Amino acid sequence: MKYSWILFFASICFACHSSVPQGRSCKTMTLDCSDNLWSVDVSHLFEPNLEIIPLETTDNCLVRADDQKWVTEKYIYITDRVSKKIFMFDWKGKYLRTIGQIGRGPGEYVDLNGMCVVRDTLYVHDQVQSKLIAYPVQGGQFHEIFIAPPIYSSELATAGNYLYFITNYTNGYNLIRMDLKNYSTQHFLPYDSEIEKNGSWWGLNNFSSSYRDSLIFTFSQNDTIYGLSDNVPKPLYSINFPHNKIPENLLTLNGTQILQIALKDGYITGLDEIYNTKSFIMGGFGKGNQCFYFMYSKTDESAIVARSLNLDAFGKLSLYNYLPTDNDELVFFYDVLFLKEVWKLIISKNDFQNPKIKEQLEQVIQNAKDDDNPIMFKIRFK
């Protein structure tokens, strides 16, 4: 069993980059929900085929559609938030094995706060025990990296040969990068009170997303999407909400008061999640108690904003619990019971571009039990 003790003292060279003026390279991403569109058909952005993949269910493997996921070229990893286990599936939906387990022993974690895969290794950040656990995805001996002083992060991301801890200022910096060759660290985006005035004050569901080695990320208290240039974070997009943005005079209140007013009066509370693809940035945000989804084109800088993004070519199936892949695909997940209700109320009453896909989906739904693991769909971007 191999252990590496990594000490983060002042003697380590920290590259500190301050929170970032909006320079020429930073574009404005306008997300306008004033039309309040209920749904928008995005079928034209995808190829005409839809794969339907039920995830295998066993007594020892139960997950939900909204659990944390990570996808690679070969495998799908899903973290069950109840059991705190990581389940590994192949792209046919077959359950392969469980990685790691809760506990305080070697190779065990108490907190499953961040997970990502770099090539053939799955990394888990346990901030309670101040360690990073590296599990070979094919099985074999794990490796632990103990971190002192601790890093408290909201999410773990990767690009190239680096891990990125998105800390949301808990360590005085928003971003900490770890070199996987020697486990040295660099700190970026130090705390800046001016950032607090930008508007996004509450917990995000998904802070970061990578397309191949292109990483984007955002964080609370900032309406900005960042990327990497020569492994240094820089602002890529300043988010503009032209309507229903929280008035500046309210930002003097505490977070609980602001949120209560925002929910009551229908103010936008900032980005909830972002996802990176070759041609689009996707994500969601809240306006009062409503949820909106968007697709922003990197090519023509236009944005689709609606309460629901639908595939009208496939019975008006909605993109739901989605995740992009490095192979220019989008996968999305439905819990079986919810899918059955959607089938009965919407999908079965609408046409499919390919009737055989509708027949296949109906068969899958009929054969599925209500408490089975989710149904995964896979569609390819054009």
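Here is a guided walk through this structure, from its overall build to a few backbone details.

Keep in mind from the start that the model is predicted. Its secondary structure consists of 3 helices and 31 strands. With a radius of gyration of 21 Å, close to the 21 Å that the globule rule gives for 382 residues, the protein is as compact as a globular protein of that length. Of the 382 residues, 54% count as buried. As for how the chain meets itself, look at the contacts with a separation of 6 or more: 55% of them are made by residues 24 or more positions apart.

Four strands come together here as an open sheet, in the order β4-β31-β30-β29, with antiparallel pairing. At the edges sit β4, covering residues 46–54, and β29, covering 322–324, and each of these pairs on one side only. On average, neighbouring strands of this sheet are turned by 20° against each other, direction ignored.

How much of β31 is buried? The count is 6 of its 7 residues, so the strand is largely enclosed by the rest of the structure.

Helix α3, residues 355–367, lies across β4 and β31 and runs at about 20° to β4. Helix α2, residues 336–345, packs on the sheet too, touching β30 (329–334) and β31, and its direction makes about 95° with that of β30.

Which residues of α2 are buried? They are Val336, Leu339, Val342 and Trp343. These residues cover an arc of only 120° around the axis, which puts them on the same side of α2. As for their neighbours, the buried residues of α2 pack against β28 (317–318), β30, α3 and β31.

Elsewhere in the chain, strand β22 gives you both kinds of pairing to look at. This strand, residues 232–240, is joined to β2 by 4 bridges, and the two run parallel. Thr28 stands opposite Ser238 of β22. With β21, residues 224–229, strand β22 pairs in the antiparallel sense over 6 bridges, and there Tyr226 stands opposite Pro235 of β22. Strands β21 and β22 form a hairpin with 2 residues between the strands, in which Asp230 takes a positive phi near 55°.

In the loop between β2 (27–30) and β3 (40–41) you will find Asn36. Phi of Asn36 is near 55°, a positive value in a residue other than glycine. With a relative accessibility of 36%, Asn36 counts as partly exposed. Asn321 also has a positive phi, of about 50°, although it is not a glycine. Its place is in the loop between β28 and β29, and at 24% relative accessibility Asn321 counts as partly exposed.

One last stop is a peptide bond. Where is Pro149 found? Look in the loop between β14 (143–148) and β15 (155–159). The bond from Ala148 to Pro149 is cis, with omega near -5°.

Conventions. Residues are numbered from 1 along each chain as its sequence is written. This is a predicted model: local features need pLDDT of at least 70, side-chain atom pairs count only at pLDDT 80 or more; totals for chains, interfaces and linings use all residues. Side-chain values use heavy atoms; hydrogens and water are left out. Two strands pair if DSSP finds at least two bridges between them. Axes are lines fitted to C-alpha atoms, for helices over the stretch in contact, and angles run from 0 to 180 degrees between N-to-C directions. Contact means heavy atoms within 4.5 Å. The radius of gyration is taken over C-alpha atoms; the globule rule is 2.2 Å times the number of residues to the power 0.38. Buried means under 20% relative accessible area, exposed over 50%, partly exposed in between (1.4 Å probe, protein chains only). The arc is that of the directions from the helix axis to the C-beta atoms.
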